[in-house]
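I opened this model to look at its sheet and at one of the helices beside that sheet. Here are my notes, in the order I looked things up.

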Amino acid sequence: MTAFPAEVPKATGVETLGGHTARQVLRLCEAAGLNGADSAAYARTVLTALGPVAERSLDLPPPDDSFLSDDHTPVEFSLAFVPNADPTLRVLLEPGCGAESLEENGRTGLRVVREMAQRWGFSTKRLDELEDLFFPPDPEGPLALWCALELVPGGVPRVKVYLNPAASGQERSADTVREALDRLGHRQAFTALPEGDRHLFLALDLGDWEEPRVKVYLAHHDLSATEAAGLSRVGGGSGRSGQTEIKRFFTMAAGHDTEAADLEVEDGQVPRLGRRPVQSCHAFTETATGRPSGFTLYIPVRDYAAHDGEALDRAVAVLGRYGVEPAPLARSLSAVTSRRPQDGVGLIAYLGLAHQQGRPPRVTAYISSEAYAVKPPMAVPSPRRDAVPVSG
(Lines give C-alpha, C1' and ligand atoms only; values in the text may rest on other atoms or scores of the structure.)
Protein backbone atom coordinates (compact mmCIF):
# COMPACT_ATOMS: atom_id res chain seq x y z
CA MET A 1 0.00 0.00 0.00
CA THR A 2 1.24 3.49 -0.85
CA ALA A 3 2.53 5.39 2.19
CA PHE A 4 1.09 8.80 2.95
CA PRO A 5 3.71 11.58 2.98
CA ALA A 6 4.60 12.95 6.38
CA GLU A 7 4.29 16.61 5.41
CA VAL A 8 2.49 18.78 2.91
CA PRO A 9 4.93 20.37 0.43
CA LYS A 10 5.66 24.01 1.06
CA ALA A 11 6.20 26.68 -1.56
CA THR A 12 9.70 26.57 -3.05
CA GLY A 13 11.38 28.04 -6.09
CA VAL A 14 9.80 25.33 -8.25
CA GLU A 15 6.02 25.20 -7.95
CA THR A 16 4.59 21.71 -8.32
CA LEU A 17 1.06 20.50 -8.99
CA GLY A 18 1.05 18.84 -5.58
CA GLY A 19 2.25 21.90 -3.71
CA HIS A 20 -0.27 24.13 -5.47
CA THR A 21 -3.12 21.69 -4.79
CA ALA A 22 -2.17 21.00 -1.16
CA ARG A 23 -2.16 24.68 -0.28
CA GLN A 24 -5.54 25.13 -1.93
CA VAL A 25 -6.90 22.19 0.07
CA LEU A 26 -5.55 23.59 3.34
CA ARG A 27 -7.07 27.02 2.74
CA LEU A 28 -10.38 25.58 1.55
CA CYS A 29 -10.59 23.33 4.61
CA GLU A 30 -10.20 26.41 6.79
CA ALA A 31 -12.92 28.22 4.85
CA ALA A 32 -15.21 25.19 5.31
CA GLY A 33 -14.66 25.14 9.08
CA LEU A 34 -12.42 22.05 9.35
CA ASN A 35 -9.74 22.01 12.03
CA GLY A 36 -6.00 22.05 11.40
CA ALA A 37 -5.42 18.34 11.97
CA ASP A 38 -8.18 17.34 9.56
CA SER A 39 -6.96 19.90 7.01
CA ALA A 40 -3.41 18.53 7.06
CA ALA A 41 -4.65 14.93 6.83
CA TYR A 42 -6.81 15.75 3.84
CA ALA A 43 -4.03 17.60 2.04
CA ARG A 44 -1.83 14.50 2.44
CA THR A 45 -4.67 12.27 1.22
CA VAL A 46 -5.12 14.32 -1.95
CA LEU A 47 -1.37 14.30 -2.65
CA THR A 48 -1.20 10.53 -2.31
CA ALA A 49 -4.22 10.04 -4.55
CA LEU A 50 -2.63 12.19 -7.26
CA GLY A 51 0.47 10.00 -7.24
CA PRO A 52 3.62 10.91 -9.21
CA VAL A 53 2.03 13.87 -11.04
CA ALA A 54 1.92 15.70 -7.68
CA GLU A 55 5.69 16.19 -8.00
CA ARG A 56 5.44 17.59 -11.53
CA SER A 57 6.48 21.20 -12.05
CA LEU A 58 3.77 23.63 -13.06
CA ASP A 59 6.25 25.07 -15.56
CA LEU A 60 5.54 21.94 -17.62
CA PRO A 61 2.30 21.39 -19.55
CA PRO A 62 -0.50 19.41 -17.86
CA PRO A 63 0.28 15.68 -17.49
CA ASP A 64 -2.40 14.89 -20.08
CA ASP A 65 -5.61 16.32 -21.54
CA SER A 66 -7.67 15.60 -18.46
CA PHE A 67 -11.39 15.98 -19.11
CA LEU A 68 -11.91 16.97 -15.48
CA SER A 69 -11.29 20.70 -16.00
CA ASP A 70 -10.96 23.19 -18.84
CA ASP A 71 -7.24 23.79 -18.24
CA HIS A 72 -6.62 20.02 -17.73
CA THR A 73 -5.86 20.28 -14.01
CA PRO A 74 -6.77 16.82 -12.66
CA VAL A 75 -8.46 18.40 -9.60
CA GLU A 76 -11.73 20.26 -9.01
CA PHE A 77 -13.23 21.53 -5.75
CA SER A 78 -16.83 21.97 -4.73
CA LEU A 79 -18.72 23.35 -1.76
CA ALA A 80 -22.19 22.11 -0.88
CA PHE A 81 -24.38 24.56 1.07
CA VAL A 82 -27.46 24.12 3.24
CA PRO A 83 -28.83 26.70 5.69
CA ASN A 84 -27.34 27.10 9.18
CA ALA A 85 -24.33 24.85 8.63
CA ASP A 86 -20.75 25.03 7.44
CA PRO A 87 -20.39 24.09 3.76
CA THR A 88 -19.24 20.60 2.90
CA LEU A 89 -15.99 20.58 0.93
CA ARG A 90 -15.35 17.99 -1.76
CA VAL A 91 -12.33 17.31 -3.93
CA LEU A 92 -12.76 15.56 -7.29
CA LEU A 93 -9.56 14.17 -8.78
CA GLU A 94 -8.23 11.83 -11.45
CA PRO A 95 -5.85 9.33 -9.79
CA GLY A 96 -4.63 7.94 -13.12
CA CYS A 97 -3.78 11.29 -14.65
CA GLY A 98 -0.50 11.11 -16.57
CA ALA A 99 -0.79 7.41 -17.40
CA GLU A 100 0.45 6.29 -20.81
CA SER A 101 -2.95 4.96 -21.86
CA LEU A 102 -6.61 5.20 -20.84
CA GLU A 103 -6.46 1.55 -19.77
CA GLU A 104 -3.54 2.27 -17.44
CA ASN A 105 -5.33 5.38 -16.21
CA GLY A 106 -8.30 3.24 -15.15
CA ARG A 107 -6.18 0.53 -13.54
CA THR A 108 -4.30 3.15 -11.56
CA GLY A 109 -7.58 4.65 -10.41
CA LEU A 110 -8.86 1.25 -9.27
CA ARG A 111 -5.65 0.61 -7.34
CA VAL A 112 -5.81 3.98 -5.57
CA VAL A 113 -9.46 3.47 -4.58
CA ARG A 114 -8.72 -0.02 -3.28
CA GLU A 115 -5.82 1.35 -1.23
CA MET A 116 -8.23 3.88 0.27
CA ALA A 117 -10.63 1.04 1.07
CA GLN A 118 -7.86 -0.89 2.81
CA ARG A 119 -6.74 2.16 4.76
CA TRP A 120 -10.22 3.22 5.90
CA GLY A 121 -11.91 -0.18 6.09
CA PHE A 122 -14.69 0.08 3.53
CA SER A 123 -15.82 -2.33 0.83
CA THR A 124 -15.33 -1.93 -2.92
CA LYS A 125 -17.74 -4.79 -3.69
CA ARG A 126 -20.11 -2.65 -5.75
CA LEU A 127 -17.24 -1.27 -7.80
CA ASP A 128 -15.73 -4.74 -8.25
CA GLU A 129 -19.04 -6.03 -9.66
CA LEU A 130 -18.80 -3.48 -12.48
CA GLU A 131 -15.13 -3.79 -13.36
CA ASP A 132 -15.61 -5.66 -16.65
CA LEU A 133 -18.21 -3.11 -17.82
CA PHE A 134 -16.17 0.03 -17.21
CA PHE A 135 -12.58 -1.20 -17.58
CA PRO A 136 -12.41 -3.15 -20.85
CA PRO A 137 -9.01 -3.99 -22.41
CA ASP A 138 -9.20 -1.15 -24.94
CA PRO A 139 -11.40 1.56 -23.37
CA GLU A 140 -12.81 4.58 -25.16
CA GLY A 141 -14.00 7.97 -23.99
CA PRO A 142 -12.66 11.02 -22.21
CA LEU A 143 -12.08 9.41 -18.79
CA ALA A 144 -11.64 6.08 -17.01
CA LEU A 145 -12.17 6.79 -13.29
CA TRP A 146 -12.51 9.88 -11.17
CA CYS A 147 -12.55 9.81 -7.38
CA ALA A 148 -14.39 12.31 -5.18
CA LEU A 149 -13.52 12.83 -1.52
CA GLU A 150 -16.07 14.47 0.74
CA LEU A 151 -14.02 16.06 3.51
CA VAL A 152 -15.96 15.60 6.74
CA PRO A 153 -14.71 16.22 10.30
CA GLY A 154 -12.50 13.43 11.60
CA GLY A 155 -9.92 13.16 8.83
CA VAL A 156 -11.57 10.21 7.03
CA PRO A 157 -13.37 11.28 3.84
CA ARG A 158 -16.46 9.82 2.30
CA VAL A 159 -15.45 8.33 -1.06
CA LYS A 160 -17.27 8.11 -4.37
CA VAL A 161 -16.15 7.08 -7.82
CA TYR A 162 -17.22 8.27 -11.27
CA LEU A 163 -17.14 5.80 -14.17
CA ASN A 164 -17.40 6.23 -17.94
CA PRO A 165 -20.48 4.68 -19.60
CA ALA A 166 -18.77 5.05 -23.01
CA ALA A 167 -15.83 2.84 -22.03
CA SER A 168 -16.93 0.21 -24.57
CA GLY A 169 -18.09 2.78 -27.12
CA GLN A 170 -20.48 5.71 -27.06
CA GLU A 171 -23.09 3.66 -28.91
CA ARG A 172 -23.15 1.18 -26.02
CA SER A 173 -23.41 3.73 -23.21
CA ALA A 174 -27.09 3.18 -22.50
CA ASP A 175 -26.66 -0.60 -22.44
CA THR A 176 -23.71 -0.24 -20.09
CA VAL A 177 -25.69 1.93 -17.68
CA ARG A 178 -28.68 -0.42 -17.81
CA GLU A 179 -26.51 -3.46 -17.09
CA ALA A 180 -24.70 -1.68 -14.25
CA LEU A 181 -27.98 -0.70 -12.59
CA ASP A 182 -29.28 -4.27 -12.97
CA ARG A 183 -26.18 -5.75 -11.34
CA LEU A 184 -26.49 -3.37 -8.42
CA GLY A 185 -30.10 -4.40 -7.82
CA HIS A 186 -31.76 -1.33 -9.38
CA ARG A 187 -33.55 -3.30 -12.09
CA GLN A 188 -36.31 -0.75 -12.66
CA ALA A 189 -34.12 2.33 -12.42
CA PHE A 190 -33.11 2.68 -16.07
CA THR A 191 -36.70 3.12 -17.24
CA ALA A 192 -37.18 5.89 -14.65
CA LEU A 193 -34.50 8.06 -16.26
CA PRO A 194 -35.59 10.97 -18.47
CA GLU A 195 -34.34 11.36 -22.00
CA GLY A 196 -30.90 12.88 -22.43
CA ASP A 197 -28.43 13.50 -25.22
CA ARG A 198 -25.85 11.16 -23.72
CA HIS A 199 -24.92 9.31 -20.56
CA LEU A 200 -22.00 11.13 -18.96
CA PHE A 201 -21.14 9.25 -15.76
CA LEU A 202 -22.25 6.50 -13.44
CA ALA A 203 -21.21 7.23 -9.85
CA LEU A 204 -21.07 5.05 -6.74
CA ASP A 205 -20.85 5.97 -3.07
CA LEU A 206 -18.33 3.73 -1.32
CA GLY A 207 -17.80 3.39 2.41
CA ASP A 208 -19.48 5.25 5.25
CA TRP A 209 -22.59 6.79 3.70
CA GLU A 210 -25.94 6.91 5.49
CA GLU A 211 -27.70 5.93 2.27
CA PRO A 212 -25.20 4.83 -0.41
CA ARG A 213 -26.27 6.06 -3.83
CA VAL A 214 -25.92 4.97 -7.41
CA LYS A 215 -26.07 8.06 -9.59
CA VAL A 216 -26.59 8.48 -13.32
CA TYR A 217 -25.56 11.72 -15.04
CA LEU A 218 -27.06 12.86 -18.34
CA ALA A 219 -26.18 15.71 -20.71
CA HIS A 220 -28.93 17.93 -22.13
CA HIS A 221 -28.14 20.22 -25.06
CA ASP A 222 -30.19 23.32 -25.92
CA LEU A 223 -32.28 23.05 -22.76
CA SER A 224 -34.94 25.49 -21.54
CA ALA A 225 -35.98 26.10 -17.93
CA THR A 226 -39.31 24.33 -18.34
CA GLU A 227 -37.63 21.31 -19.91
CA ALA A 228 -35.11 21.27 -17.06
CA ALA A 229 -37.90 21.25 -14.48
CA GLY A 230 -39.45 18.27 -16.22
CA LEU A 231 -36.31 16.14 -15.82
CA SER A 232 -36.85 15.30 -12.15
CA ARG A 233 -38.32 11.89 -11.37
CA VAL A 234 -38.06 12.15 -7.58
CA GLY A 235 -41.23 10.77 -6.04
CA GLY A 236 -42.79 10.57 -9.50
CA GLY A 237 -41.91 14.22 -10.17
CA SER A 238 -40.94 17.18 -8.04
CA GLY A 239 -44.45 18.55 -7.85
CA ARG A 240 -45.47 22.05 -8.86
CA SER A 241 -43.44 23.80 -6.16
CA GLY A 242 -40.33 21.73 -6.89
CA GLN A 243 -40.58 22.38 -10.62
CA THR A 244 -40.95 26.10 -9.97
CA GLU A 245 -37.79 26.03 -7.86
CA ILE A 246 -35.85 24.20 -10.57
CA LYS A 247 -37.00 26.75 -13.16
CA ARG A 248 -36.07 29.63 -10.90
CA PHE A 249 -32.63 28.16 -10.24
CA PHE A 250 -32.08 27.60 -13.97
CA THR A 251 -32.91 31.19 -14.85
CA MET A 252 -30.88 32.67 -11.97
CA ALA A 253 -27.77 30.56 -12.66
CA ALA A 254 -27.98 31.12 -16.42
CA GLY A 255 -28.44 34.88 -16.09
CA HIS A 256 -31.86 34.94 -17.76
CA ASP A 257 -34.68 37.34 -16.87
CA THR A 258 -36.34 36.05 -13.69
CA GLU A 259 -38.95 38.78 -13.41
CA ALA A 260 -41.31 37.38 -16.04
CA ALA A 261 -44.32 35.82 -14.40
CA ASP A 262 -43.73 32.38 -15.87
CA LEU A 263 -39.91 32.56 -15.49
CA GLU A 264 -39.54 31.32 -19.05
CA VAL A 265 -41.16 33.26 -21.86
CA GLU A 266 -39.75 36.54 -23.07
CA ASP A 267 -41.18 38.21 -26.16
CA GLY A 268 -43.09 35.01 -26.91
CA GLN A 269 -39.92 32.93 -27.26
CA VAL A 270 -38.01 30.49 -25.07
CA PRO A 271 -34.42 31.14 -23.91
CA ARG A 272 -32.21 28.06 -24.11
CA LEU A 273 -28.68 27.13 -23.11
CA GLY A 274 -27.06 26.24 -26.41
CA ARG A 275 -23.38 26.18 -25.57
CA ARG A 276 -22.00 23.70 -23.02
CA PRO A 277 -24.86 21.33 -22.07
CA VAL A 278 -26.75 21.32 -18.81
CA GLN A 279 -26.31 18.17 -16.72
CA SER A 280 -28.82 16.25 -14.64
CA CYS A 281 -28.08 13.65 -11.97
CA HIS A 282 -30.50 10.97 -10.78
CA ALA A 283 -29.62 9.27 -7.48
CA PHE A 284 -30.99 5.83 -6.54
CA THR A 285 -30.89 4.53 -2.97
CA GLU A 286 -33.65 1.90 -2.81
CA THR A 287 -34.52 -0.91 -5.21
CA ALA A 288 -38.22 -1.50 -4.54
CA THR A 289 -39.87 1.27 -6.58
CA GLY A 290 -37.22 2.03 -9.20
CA ARG A 291 -37.68 5.73 -8.57
CA PRO A 292 -34.73 8.02 -7.84
CA SER A 293 -34.59 9.54 -4.38
CA GLY A 294 -32.52 12.51 -5.50
CA PHE A 295 -32.26 14.91 -8.44
CA THR A 296 -29.61 17.52 -9.17
CA LEU A 297 -29.45 20.07 -11.98
CA TYR A 298 -26.06 21.52 -12.98
CA ILE A 299 -25.71 24.77 -14.91
CA PRO A 300 -22.25 25.32 -16.53
CA VAL A 301 -22.24 28.95 -15.46
CA ARG A 302 -18.75 29.54 -16.91
CA ASP A 303 -20.17 29.34 -20.43
CA TYR A 304 -22.99 31.78 -19.76
CA ALA A 305 -21.22 34.55 -17.82
CA ALA A 306 -18.75 37.12 -19.12
CA HIS A 307 -16.51 36.72 -16.07
CA ASP A 308 -16.47 35.21 -12.60
CA GLY A 309 -17.76 38.42 -11.05
CA GLU A 310 -21.06 37.72 -12.82
CA ALA A 311 -20.93 34.05 -11.88
CA LEU A 312 -20.32 34.95 -8.23
CA ASP A 313 -23.23 37.40 -8.22
CA ARG A 314 -25.51 34.65 -9.49
CA ALA A 315 -24.19 32.17 -6.94
CA VAL A 316 -24.76 34.67 -4.11
CA ALA A 317 -28.31 35.29 -5.33
CA VAL A 318 -29.06 31.56 -5.43
CA LEU A 319 -27.59 31.03 -1.96
CA GLY A 320 -29.66 33.92 -0.64
CA ARG A 321 -32.82 32.37 -2.03
CA TYR A 322 -32.17 29.28 0.09
CA GLY A 323 -31.19 31.15 3.24
CA VAL A 324 -27.46 30.44 2.98
CA GLU A 325 -24.79 32.91 4.10
CA PRO A 326 -22.56 33.58 1.04
CA ALA A 327 -19.39 34.59 2.93
CA PRO A 328 -17.87 31.05 2.93
CA LEU A 329 -18.10 30.97 -0.86
CA ALA A 330 -16.25 34.28 -1.19
CA ARG A 331 -13.60 33.03 1.26
CA SER A 332 -13.25 29.83 -0.74
CA LEU A 333 -12.60 31.68 -3.99
CA SER A 334 -9.90 33.69 -2.22
CA ALA A 335 -8.46 30.43 -0.89
CA VAL A 336 -8.00 29.11 -4.42
CA THR A 337 -6.68 32.19 -6.20
CA SER A 338 -5.53 35.76 -5.62
CA ARG A 339 -6.95 37.03 -8.91
CA ARG A 340 -10.03 39.22 -9.08
CA PRO A 341 -13.19 37.45 -10.25
CA GLN A 342 -13.55 40.01 -13.05
CA ASP A 343 -10.17 39.04 -14.51
CA GLY A 344 -11.21 35.61 -15.77
CA VAL A 345 -14.03 33.16 -16.27
CA GLY A 346 -14.23 29.54 -15.19
CA LEU A 347 -13.21 29.78 -11.54
CA ILE A 348 -16.85 29.00 -10.78
CA ALA A 349 -17.43 26.17 -13.23
CA TYR A 350 -20.92 24.92 -12.33
CA LEU A 351 -23.76 25.76 -10.00
CA GLY A 352 -25.92 22.86 -8.88
CA LEU A 353 -29.26 22.53 -7.11
CA ALA A 354 -30.01 19.18 -5.46
CA HIS A 355 -33.35 17.88 -4.22
CA GLN A 356 -33.13 14.78 -2.00
CA GLN A 357 -36.19 13.21 -0.42
CA GLY A 358 -36.48 14.15 3.24
CA ARG A 359 -33.76 16.82 3.08
CA PRO A 360 -33.65 20.56 2.36
CA PRO A 361 -32.48 21.72 -1.09
CA ARG A 362 -28.69 21.86 -1.43
CA VAL A 363 -26.75 24.39 -3.52
CA THR A 364 -23.29 23.40 -4.76
CA ALA A 365 -20.65 25.63 -6.31
CA TYR A 366 -17.88 23.94 -8.31
CA ILE A 367 -14.53 25.71 -8.16
CA SER A 368 -11.67 25.23 -10.61
CA SER A 369 -8.08 24.87 -9.41
CA GLU A 370 -6.70 26.87 -12.37
CA ALA A 371 -3.27 25.31 -11.82
CA TYR A 372 -2.32 25.73 -15.49
CA ALA A 373 -4.39 28.53 -17.03
CA VAL A 374 -6.96 31.24 -16.41
CA LYS A 375 -9.51 31.71 -19.16
CA PRO A 376 -9.87 35.42 -19.98
CA PRO A 377 -13.23 37.18 -19.69
CA MET A 378 -15.44 36.76 -22.70
CA ALA A 379 -18.40 38.32 -24.42
CA VAL A 380 -21.44 36.14 -23.82
CA PRO A 381 -24.09 36.13 -26.56
CA SER A 382 -27.73 36.54 -25.66
CA PRO A 383 -29.49 33.26 -24.85
CA ARG A 384 -30.64 31.37 -27.91
CA ARG A 385 -34.41 31.51 -28.35
CA ASP A 386 -36.75 29.33 -30.33
CA ALA A 387 -37.98 30.92 -33.53
CA VAL A 388 -41.44 29.48 -32.87
CA PRO A 389 -43.51 31.38 -30.29
CA VAL A 390 -44.63 29.45 -27.24
CA SER A 391 -48.29 28.51 -27.16
CA GLY A 392 -50.46 27.99 -24.10
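I looked up the sheet: ten strands form a closed barrel in the order β1-β2-β3-β4-β5-β6-β8-β9-β10-β11, with antiparallel pairing. Strands here are DSSP E runs of at least two residues, helices are H or I runs of at least four, and both are numbered from the N terminus; two strands pair if DSSP finds at least two bridges between them.

The model is predicted, so I note that local features need pLDDT of at least 70 and side-chain atom pairs pLDDT 80 or more, while totals for chains, interfaces and linings use all residues. Residues count from 1 along each chain as its sequence is written, and side-chain values use heavy atoms, leaving out hydrogens and water.

Next I checked β1 (residues 75–81) and β11 (residues 362–368): six bridges join these antiparallel strands. Glu76 has Ser368 of β11 as its bridge partner.

Helix α1 (residues 17–31) packs on the sheet and touches β1, β2 (88–93) and β3 (145–151), contact being heavy atoms within 4.5 Å. The direction of α1 makes about 5 degrees with that of β1 (axes are lines fitted to C-alpha atoms, for helices over the stretch in contact; angles run from 0 to 180 degrees between N-to-C directions).

Is α1 mostly covered or uncovered? Mostly covered, I found: twelve of its 15 residues are buried, meaning under 20% relative accessible area with a 1.4 Å probe, protein chains only. Among them are Leu17, His20, Arg23 and Leu28. Their cover includes α2 (36–50), β1, β2, β3 and α11 (327–336).

Last, I noted that Gly33 follows α1 with a positive phi, near 85 degrees.

Definitions and conventions: Buried means under 20% relative accessible area, exposed over 50%, partly exposed in between (1.4 Å probe, protein chains only).
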